[in-house]
Amino acid sequence: MRAVVQRVKSSKVSVDDKITGSIGRGLTVLIGVEDGDTQKDAEYIAKKVCSLRVFDDDEGVMNLSVQDIDGEILAVSQFTLLGDVRKGNRPSYFQAAAPEEANSLYRKTVELMANKGVHVEEGVFQADMLVEINNDGPVTILLESRKLF
């Protein structure tokens, strides 16, 4: 499972001009589920996202998590995170999980983040979404449950 985590001042996602999720200060998390991922991968991503110390403390040091600041999370499923462009210029998505499996593990990841006491808003699985991200910093962190990087 892969995630792109961005520290934001605000973020929102819309489908057909209707806002489906909107947050203030917190994290926007784009989540891609890989074929073969399990609940263990969802647990790793959820725990890591909620524990990342990317918010400034009183001394201006990135030492606080989204939980510490009572921030919010906007979660968006994004299979294109599994795009492979090592051969040619057109991404191949053979590593992406099938939609039913991907949705189940995406839902589990959202549930686990919410169970940690963080308010989570969402996009719509498999929809064509417009995501507005006001990246703060900018701060962007890449996560990979298989720890490839």
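Reader: Is Asp58 buried or exposed?

Author: Please keep in mind that this is a predicted model. Asp58 counts as exposed because its relative accessibility is 85%, and a residue is called exposed over 50%.

Reader: Where is Asp58 placed?

Author: Asp58 sits in the loop between β4 (55-56) and β5 (62-64).

Reader: How far apart are Asp58 and Gly24 in space?

Author: Their C-alpha atoms are 20 Å apart, and 34 residues separate Asp58 and Gly24 in sequence.

Reader: Now the charged pairs. How many salt bridges does the structure hold?

Author: The structure holds eight salt bridges. One of them joins Glu144 and Arg2, with the closest N and O atoms 2.8 Å apart. This pair links distant parts of the chain, as Glu144 is in strand β8 and Arg2 is in strand β1, 142 residues apart.

Reader: Why does Glu144 count as buried?

Author: Glu144 counts as buried because its relative accessibility is 2%, and the cut-off for buried is under 20%. Arg2 is buried as well, since its relative accessible area is 18%.

Reader: Which residues are linked with Arg7 in a network of salt bridges?

Author: The network links Arg7 with Asp56 and Asp136. The side chains of Arg7 and Asp56 meet at 3.9 Å, N to O. This pair brings together strand β1, which holds Arg7, and strand β4, which holds Asp56, 49 residues apart. For Asp136 and Arg7, the N to O distance is 3.5 Å. That pair links strand β8, where Asp136 lies, to Arg7 in strand β1, 129 residues apart.

Reader: Is Asp136 buried or exposed?

Author: Asp136 is buried, and Arg7 is buried too. For Arg7, the relative accessibility is 9%. Asp56, in contrast, counts as partly exposed because its relative accessibility is 37%.

Reader: Let us move to Glu122. Which strand is it in?

Author: Glu122 is in strand β7 (residues 119-122). Glu122 is buried, since its relative accessible area is 19%, and the limit for that class is under 20%.

Reader: What polar contact does the side chain of Glu122 make?

Author: The side chain of Glu122 makes a polar contact with the side chain of Tyr106, at 3.0 Å. Glu122 also touches other residues beyond four places in sequence, among them Val13, Thr20, Leu74 and Arg107.

Reader: On to the backbone. Which peptide bond is cis?

Author: The bond from Gly137 to Pro138 is cis, with omega near -5°. Pro138 lies in strand β8.

Reader: What is phi of Asp70 near?

Author: Phi of Asp70 is near 55°, which is a positive value in a residue other than glycine. Asp70 is in the loop between β5 and β6 and is exposed, with a relative accessible area of 72%. Lys147 likewise has a positive phi, of about 55°, although it is not a glycine. Lys147 lies in the segment after β8 and counts as exposed because its relative accessibility is 58%.

Reader: One last topic, the surface. Which residues make the nonpolar surface patch of about 360 Å²?

Author: Leu142, Leu148 and Phe149 make that patch. Leu148 counts as exposed, since its relative accessibility is 60%.

Notes: Residues are numbered from 1 along each chain as its sequence is written. This is a predicted model: local features need pLDDT of at least 70, side-chain atom pairs count only at pLDDT 80 or more; totals for chains, interfaces and linings use all residues. Side-chain values use heavy atoms; hydrogens and water are left out. Helices (H or I, at least four residues) and strands (E, at least two) are DSSP runs, numbered from the N terminus. Buried means under 20% relative accessible area, exposed over 50%, partly exposed in between (1.4 Å probe, protein chains only). A polar contact is a pair of N or O atoms within 3.5 Å; within protein, one must be able to donate a hydrogen and the other to accept it, and residues adjacent in sequence count only if both atoms are side-chain atoms. Contact means heavy atoms within 4.5 Å. Patches are made of residues with over 30% relative accessible area and no salt bridge: like charges are joined within 9 Å, nonpolar side chains (Val, Leu, Ile, Met, Phe, Trp, Tyr) within 5 Å. Accessible areas come from the Shrake-Rupley method with a 1.4 Å probe; for residues, only the protein chains shown count as cover. A salt bridge is a side-chain nitrogen of Lys or Arg within 4 Å of a carboxyl oxygen of Asp or Glu.
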